[in-house]
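Here are my notes for you on this one, point by point. Keep the viewer open and click along as you read.

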Amino acid sequence: MIGTQFTITNADGDSITLNDHVPDPLRFIALQAYPEMDVDIKNNEIDLQGQHGIWDFFSFYGSRIATFQGVIVGETEADVDAIRTNLIRVLRLPAQPTTTKYGQVTVTFTDPSGDDWQFEAKLFRPIRFTRGMKNVFRLDFNFSLKAADPFLVDQTETTTNGTMGYYTHGGVDVPLTVPFQWAESAQNELTVNNGGVAFAQTIIQLNGHNLGAITNPKVQNLTTGKTFQINTTIADENEYILIDSKEGTVVDQDGVDLTGLVTAASEFLLLQQGDNSIFYTSDESPDVVLYYPTATFSVKHRNTTI
């Protein structure tokens, strides 16, 4: 991946591209070593008392540390310093971090297989610059970025749109009580495909409808068995609820925080590898919900790998 271009962009939109020789083959910043993309492994263990061995528990991937080593080349010292200054500006941590600007950068690249990936990280170790004797107009660099999770996500965000669902009962009406119930069948299930190899985060938008309020909207991943429900109402087609599993936020169309209204049994919905059946319903009776098939929702995700 020494020949792979890596573009690093910060929250202000400043960017720098490693291994891009096209704009000016005499002024560039390039890798000189294969980039290290180490993923930490988390594991807990307890020593067995009075005997050999341990109690070993599940292992999980932790943070990702990406280390880049390379060289800055220019025709003049001013060329080198301009590229150096830009690298520092892109990676700089803010003097006063905020929730929206805390030094995060987005690293994008296309792997040798042609797949487009990205990850978010921030400066982990200070940028180090060195220069050998008589290496005028050349500057070596080394820096590391830390991502809070091990995942690489697709650069393209996939949006899948669906319609509010409802349950129907099979069978026929009979004029007597029978000691069993007819099976329910979910209508308007939305199939969302995660083409990656790891669980994908989701941004789900639940929209209202102009035929009446939707009470306690609920969205389920029927494939994984997880449910997310909010004890509130969506009054009409101008209102919606946005559920972001990665950020852990639940807000309405005005940005009002609704996390305090989420039911205790709820879990943010992730997409497992392959097809996932997503189902949007509410607490209305089946007869009322049948008026709502035009209430829509959407699921956004990025295919994810490690």
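Predicted model: local features only at pLDDT ≥ 70, side-chain atom pairs only at ≥ 80, totals over all residues.

1. If you skip the neighbours within four places in sequence, Phe119 is in contact with Met37, Ala66, Val105, Thr106, Val107, Phe109, Ala147, Phe151 and Leu152.

2. Now zoom out to the core. The largest nonpolar core has 29 residues, and Phe119 is among the five that touch the most other members, along with Phe68, Leu91, Phe143 and Leu145. Which elements supply at least two residues each of this core? They are the strands β1 (6-10), β2 (15-18), β3 (28-31), β5 (54-73), β6 (105-110), β7 (116-130) and β8 (138-147), plus the helix α1 (77-91). As background, nonpolar side chains tend to be buried together in soluble globular proteins.

3. Next, the rings. There are seven aromatic pairs in the structure. Take Phe141 and Phe143: their ring centres are 5.9 Å apart and their planes sit at 20 degrees, so this pair is stacked. The cut-off to remember is that planes under 30 degrees apart count as stacked. Both Phe141 and Phe143 are buried. Ring pairs also join these two with Phe6, Phe68 and Phe109 into a cluster.

4. You will find Gln69 in strand β5, and it is partly exposed, at 31% relative accessibility. Leaving out residues up to four places away in sequence, Gln69 touches Leu31, Gln32, Ala33, Glu36, Phe141 and Asn142. Leu31 is 38 residues from Gln69 along the chain, yet their C-alpha atoms are separated by 5.7 Å.

5. On to charges. Side chains of opposite charge can pair when their charged atoms come close. The structure holds eight salt bridges. One of them is between the side chains of Arg27 and Asp79, at 2.8 Å from N to O. Which parts of the chain does this pair link? Arg27 is in the loop between β2 and β3, while Asp79 belongs to helix α1, 52 residues apart. Are the two partners buried or partly exposed? Arg27 is partly exposed, with a relative accessible area of 33%, whereas Asp79 is buried, at 15%.

6. Two other salt bridges are worth a look. Arg84 pairs with Asp81, with the closest N and O atoms 3.6 Å apart. Both of these residues lie in helix α1, three residues apart, which is about one turn of the helix. Arg84 is partly exposed at 30% relative accessibility, and Asp81 is partly exposed at 36%. The other bridge is between Asp140 and Arg138, at 3.2 Å from N to O. Asp140 is partly exposed, with a relative accessible area of 23%, and Arg138 is partly exposed at 32%.

7. Now for an open sheet of five strands, in the order β10-β22-β14-β19-β20, with antiparallel pairing. Why is one side of β10 left without a neighbour in the sheet? β10 (158-163) stands at an edge, as does β20 (249-252), and each has a single partner strand, so one side of each has no neighbour in the sheet. From one strand to the next, the twist averages 15 degrees. Within this sheet, β14 (residues 203-207) and β22 (residues 296-301) run antiparallel and are joined by four bridges. To find your place there, look for Gln205, which stands opposite Ser298 in β22.

8. Last, an open sheet of four strands. The order is β13-β21-β16-β17, and the pairing is antiparallel. At the edges are β13 (190-194) and β17 (226-229), each pairing on one side only. Neighbouring strands here are turned by 25 degrees against each other on average, direction ignored. β13 pairs with β21 (residues 274-281) in the antiparallel sense over five bridges. Asn194 stands opposite Gly274 in β21.

How values were computed:
Residues numbered from 1 in each chain as written. Heavy atoms only, no water. Core = buried A, V, L, I, M, F, W, Y, C linked by side-chain atoms within 4.5 Å. Buried < 20%, exposed > 50% of the residue type's maximum accessible area, 1.4 Å probe, protein only. Contact = heavy atoms within 4.5 Å. Pairing = 2+ DSSP bridges. Axes fitted to C-alpha atoms, helices over the stretch in contact; angles between N-to-C directions. Salt bridge = Lys/Arg side-chain N within 4 Å of Asp/Glu carboxyl O. Phe/Tyr/Trp six-rings, centres within 6.5 Å; stacked < 30°, edge-to-face > 60°.
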